[in-house]
Amino acid sequence: MELRSVEELMNLLHACRGVHDVPELIRSRLHPGGGTPVGDPVDLHDHALQTAALLRRGHPSDKELQVAGLVHDIGHVLRPGDDAGHADLAADAVRPLLGERVSGLVRLHVVAGRRPAAAPPGPWPSPRNTLAPDATTRHEAAAFEHDPLAEDAMTLRQADDAGKSPGLYAGELEDWRTLLELVAERSARLGAAD
């Protein structure tokens, strides 16, 4: 699916309300009897708002980074249960509307989650990686290290990890419409110039 309008994207973001990164059926099978839940403690809607708000606070001039924080997990709604592919799915969906940088940041947020801040070169063992238990390959590590978006992807991932606080009010989704429209307009202008 490719998103072609801010309205389509807003509808998808609204559909994140009540949806978790790990479906409830899987959560209950992994932890029967009310054990520790798997996945994020907030739904994808609140997680998106919290992540974007953290990025707005820390990087007020980087609108594309903020928008990437808002949309980074929509792949969970586009194809429920595809945890491993959610970043690529989301990146492909937002590219036509929000541009290459937002798409690239969304795609890289998973790889950035496997990269500890002070890891040595080579595979990236990460005990806090919630997406895949396997270490990143040397090839993936080298590609990430040389990607011009790597530092910003790490910033996105830090906000992603921090934006999971139950009960924390981070504003309303509608508050982001104008910024989404601005980023989409800029992307369209850049696309027309190519």
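Contact here means heavy atoms within 4.5 Å. With that in hand, let's go. This is a predicted model.

Start with the whole chain. The protein has 194 residues, and 47% of them count as buried. Now the contacts. Take those with a separation of 6 or more: residues 24 or more positions apart account for 64% of them. The exposed surface comes to about 9,900 Å². Carbon and sulfur atoms supply 56% of that area.

Next, secondary structure. How many helices and strands are there? The protein has 10 helices and 0 strands. Read from the N terminus, the order of elements is α-α-α-α-α-α-α-α-α-α.

First pair: H3 and H9. H3 covers residues 44-58, and H9 covers residues 150-162. Their axes are 8 Å apart, and the packing angle is about 130 degrees. The cut-offs for roughly perpendicular and roughly antiparallel are 65 to 115 and over 145 degrees, with the rest oblique. H3 and H9 are therefore oblique to each other. The crossing of this pair is right-handed. Who touches whom? On the H3 side we have His-47, Thr-51, Leu-54 and Leu-55. They meet Thr-155, Leu-156, Ala-159, Asp-160 and Ala-162 in H9. By class, this contact has 5 nonpolar, 3 polar and 1 charged residues.

H7 spans residues 100-113. The axes of H4 and H7 come within 9 Å, crossing at roughly 50 degrees. So this pair is oblique to each other as well. The H4–H7 crossing is right-handed. H4 brings Glu-64, Leu-65, Val-67, Ala-68 and Val-71 to the contact. H7 brings Arg-101, Val-102, Leu-105 and Val-106.

Is Gln-66 buried or exposed? Its relative accessible area is 0%. The cut-off for buried is under 20%, so Gln-66 is buried.

What is Gln-66 in contact with, leaving aside neighbours within four places in sequence? Ala-52, Leu-55, Arg-56, His-59, Pro-60, Ser-61, Trp-176 and Leu-179. Pick out Leu-55 from that list of Gln-66 contacts. Leu-55 is also one of the H3 residues that meet H9.

To recap the geometry. H3 with H9: about 130 degrees, axes 8 Å apart. H4 with H7: roughly 50 degrees, axes within 9 Å.

Conventions. Residues are numbered from 1 along each chain as its sequence is written. This is a predicted model: local features need pLDDT of at least 70, side-chain atom pairs count only at pLDDT 80 or more; totals for chains, interfaces and linings use all residues. Side-chain values use heavy atoms; hydrogens and water are left out. Axes are lines fitted to C-alpha atoms, for helices over the stretch in contact, and angles run from 0 to 180 degrees between N-to-C directions. Helices (H or I, at least four residues) and strands (E, at least two) are DSSP runs, numbered from the N terminus. Angles under 35 degrees count as roughly parallel, over 145 as roughly antiparallel, 65 to 115 as roughly perpendicular and the rest as oblique. A crossing is left-handed if the near helix is turned anticlockwise from the far one by less than a right angle, and right-handed if clockwise. Ala, Val, Leu, Ile, Met, Phe, Trp, Tyr, Cys and Pro count as nonpolar, Asp, Glu, Lys and Arg as charged, and the others, Gly among them, as polar. Buried means under 20% relative accessible area, exposed over 50%, partly exposed in between (1.4 Å probe, protein chains only). Accessible areas come from the Shrake-Rupley method with a 1.4 Å probe; for residues, only the protein chains shown count as cover.
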